[in-house]
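Hi,

Here is the structure I promised to pass on.

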Amino acid sequence: MEEKIIKTIPLGNDLTLELLDVSKKISEDAFQVNMTARVIIPVTASLFPAETLTKNSLEDIINKVGPTATFEHQKERNFIMAPDKDKVFAHLVDTFMETLLPYVSKPSFPGKYILKAYREKG
């Protein structure tokens, strides 16, 4: 699957949002339109309140999650006719920007997302 970065947006929490087009042609005149939003979060002590690091060591978090955690949100639409592909993709981007951009921009987002990934890895 080929990823094409459409836009990179610096966020207020010192992270960068990448918007990618990972659409693919599924027939001669139709596409599966797929938009992926990605934020790569470096795992650093500064993201966590002190009490979090007394319960879980940074080393343990990095061992389970890795040196970075990746937030990805995908939206797709199937069997979109070729003339409508760009319009549908733009709508997926607009919807993400309206609904999830405020969430991933919050100062608390990186630490909370990393802890969620940490808990999921058990």
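Let's start with a charged pair: Arg38 makes a salt bridge with Glu72, and their closest N and O atoms are 2.6 Å apart. By salt bridge I mean a side-chain nitrogen of Lys or Arg within 4 Å of a carboxyl oxygen of Asp or Glu. This pair links distant parts of the chain, with Arg38 in strand β4 and Glu72 in strand β5, 34 residues apart. (Helices and strands are DSSP runs numbered from the N terminus: H or I with at least four residues for helices, E with at least two for strands.)

Before going further, the housekeeping. This is a predicted model, where local features need pLDDT of at least 70 and side-chain atom pairs count only at pLDDT 80 or more, while totals for chains, interfaces and linings use all residues. Residues are numbered from 1 along each chain as its sequence is written, and side-chain values use heavy atoms, with hydrogens and water left out.

Back to Arg38. A salt bridge also joins Arg38 to Glu3, with 2.8 Å between the closest N and O atoms. Glu3 sits in the segment before β1 and Arg38 in strand β4, so this pair ties together parts that are 35 residues apart in sequence. Glu18 forms a salt bridge with Arg38 too, at 3.9 Å between the closest N and O atoms. Here the pair ties together parts 20 residues apart in sequence, because Glu18 lies in strand β2 and Arg38 in strand β4. Put together, Glu3, Glu18, Arg38 and Glu72 are linked in a network of salt bridges. The structure holds five salt bridges.

How covered are these residues? Arg38 counts as buried at 13% relative accessibility, and Glu18 is buried as well. Glu3 is partly exposed, at 42% relative accessible area, and so is Glu72, at 38%. For the cut-offs: buried is under 20% relative accessible area, exposed is over 50%, and partly exposed is in between (1.4 Å probe, protein chains only).

Glu18 and Arg38 are also bridge partners, with Arg38 on the β4 side. Strand β2 (residues 16-21) and strand β4 (residues 30-42) run antiparallel and are joined by five bridges; two strands pair if DSSP finds at least two bridges between them. Five of the six residues of β2 are buried.

β1 and β2 form a hairpin with five residues between them, and Asp14 in the turn has a positive phi of about 70°. Asn13 is found in that loop between β1 and β2 and is buried, with a relative accessible area of 11%. A polar atom of the Asn13 side chain lies 2.7 Å from the backbone oxygen of Val104. Leaving aside neighbours within four places in sequence, Asn13 is in contact (heavy atoms within 4.5 Å) with residues including Val104, Lys106 and Phe109.

Phe109 brings us to helix α5 (residues 109-120), where the buried residues include Phe109, Tyr113, Leu115 and Tyr118. The buried residues of α5 pack against β4, α1 (50-55), α2 (58-65), β5 (68-81) and α4 (101-105). Just after α5, Gly122 takes a positive phi of about 60°.

Cheers

Terms used:
A polar contact is a pair of N or O atoms within 3.5 Å; within protein, one must be able to donate a hydrogen and the other to accept it, and residues adjacent in sequence count only if both atoms are side-chain atoms.
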